[in-house]
Amino acid sequence: MDINIEIAQDILEKTKKKGATDGDIIVVDGRSSNVMVRLSSIDKITDSQYKTLGLRLFFGKKSAISSTSDFTTASLEKLIEDTCSIARLTAHDEFAGLPLPQYRMKVKEIDIYDESVHQVTSEEMIEMAKTAEASAFKYDDRITNSDGGNCSKRFTHIIYAGTNNLSGEYKTSMFSLSATPIASVDGLMQRDYWYSSSRRFSQLDKPESIGETAAMRTVRRLGARKIHTQQAPVVFDPETAATLLSNLCTALSGYSVYKGASFLVSLLNKQIAAPDVAIYDDGTIPWGIGSKPFDGEGTAARKTIVVERGILTNYLLDSYSARKLGLASTGNASRGAGDPPVAAPTNFYLSAGRYSPDEIIKSVESGLYVTDLIGFGFNPVTGDYSRGASGIWIENGELTYPVEEITIAGNLKDMLMQIEMIGNDLSFRQKICSPTIKIGRLTIAGH
């Protein structure tokens, strides 16, 4: 059967007759298509549909979650029975429960759904992926191979209903296009990529532009050198700067904070970054890749000031972590149908500064411009940071030669305080975004 809000609420009524004191249902229904071409030939086409219903029940302060992809009446009856049985057996948790009424805000309609997600054909996607790849080859004759061009689209329909009268539904669309060329000279090869992603098909970058940017990024890595270990200023481009913010999100998550597994414990309303730093999480941005009208618990999306003038003003919280910390939910609950909610970012970004990327590079006498990071060397408990990197060496304010096989190391606490310049090039290309940033001094380990 097809599930709508009324049927979801009927299911919840049935659970109450079996003794459940509270509960909620989330239904995730979607379809995704992906095409990959390589060397102008179709490499892979995938098309998948999925539909899952998650039921979370509370018996007082005991709770359980179950999920199913079988929406027959018999299956849903069994789901109710099983979830009730499991919930009765679980341990009492005084912080368990649905969002409380005082956390409710009015849910706003947000533009996140482009109907053309149903009209774009596989043939069009194949053509776009081929064009992106071909444009990379055309850009420079040192582009000699390719890991392919990729085009995808995804449609999702979410239904939520809770016994606390929070309910709603929304649809989302997502499109992406990328190219990954390989360049070679004198037997040495380099690879890089570029992409565009958007909720609106018409707002994707042109395939030609994606291919050319991917080729430019790849070719500029040719002839990369190693450098000596030293301390120097480091400029992160927007893509790599966004990964620093992603690390910060881990430490800001309510789960990490109440577990004591974050270097930000006890730092609320304290200075954690340079005074120019302002960081926001905003689930209400029209067409934002992380936007949604309400979170995984039905709490309305909102704009949260996370860092203001370098001062930490909010963690990212779902209702459970909020109760554990004696705070209010920030509407950041995220969950799969069969998983408990955890706090996660929506559109999380460092606010743009006043400097152009060129001005930031010109301010560096000798230092590193980072364009790629590898590995996952971040410890959210201590803030220690160490990752493999490649990029371009800056000498006398100019980008000079590519460098690779280096490691940049520091501590995120110090790195945030040492942000000296913030770029004016913020672009909402993904859920977590940053402009170019310059950090005053980091250890760069070479040879």
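In which kind of crossing, left-handed or right-handed, does α1 pass α2? The crossing is right-handed. The close-ups below come from a predicted model.

**View 1. Helix α1 crosses helix α2.** α1 spans residues 5-17 and α2 spans residues 73-89. Their axes come within 10 Å and cross at roughly 45°. The two helices are therefore oblique to each other. α1 passes α2 in a right-handed crossing.

**View 2. Residues at the contact of α1 with α2.** From α1, the contact uses Ile11, Lys14 and Thr15. From α2, it uses Leu76, Glu77 and Ile80. By class, three of these residues are nonpolar, one is polar and two are charged.

**View 3. The largest pocket.** Its volume is about 490 Å³. The lining holds 25 residues. Ile158, Tyr170, Arg199, Lys292 and Ser334 lie nearest the centre. Four strands each supply at least two lining residues: β1 (22-38), β4 (143-162), β5 (167-185) and β12 (333-334). The lining has eleven nonpolar, eight polar and six charged residues.

**View 4. The second largest pocket.** This pocket has a volume of about 360 Å³. It is lined by 21 residues, and Arg56, Ser63, Tyr320, Pro340 and Pro341 are the closest to its centre. Strands β2 (41-59), β3 (62-68) and β13 (342-343) each supply at least two residues of the lining. By class, the lining divides into twelve nonpolar, three polar and six charged residues.

Methods
Residues are numbered from 1 along each chain as its sequence is written. This is a predicted model: local features need pLDDT of at least 70, side-chain atom pairs count only at pLDDT 80 or more; totals for chains, interfaces and linings use all residues. Side-chain values use heavy atoms; hydrogens and water are left out. On a 1 Å grid over the protein atoms alone, a cavity is a set of points where a 1.4 Å probe fits but cannot get out, and a pocket is an open set with protein on both sides within 12 Å along at least five of seven lines; lining residues have an atom within 4 Å of a point. Grid points are joined across faces, edges and corners, and a volume is the space filled by probe spheres set on the points. Ala, Val, Leu, Ile, Met, Phe, Trp, Tyr, Cys and Pro count as nonpolar, Asp, Glu, Lys and Arg as charged, and the others, Gly among them, as polar. Axes are lines fitted to C-alpha atoms, for helices over the stretch in contact, and angles run from 0 to 180 degrees between N-to-C directions. Angles under 35 degrees count as roughly parallel, over 145 as roughly antiparallel, 65 to 115 as roughly perpendicular and the rest as oblique. A crossing is left-handed if the near helix is turned anticlockwise from the far one by less than a right angle, and right-handed if clockwise. Contact means heavy atoms within 4.5 Å.
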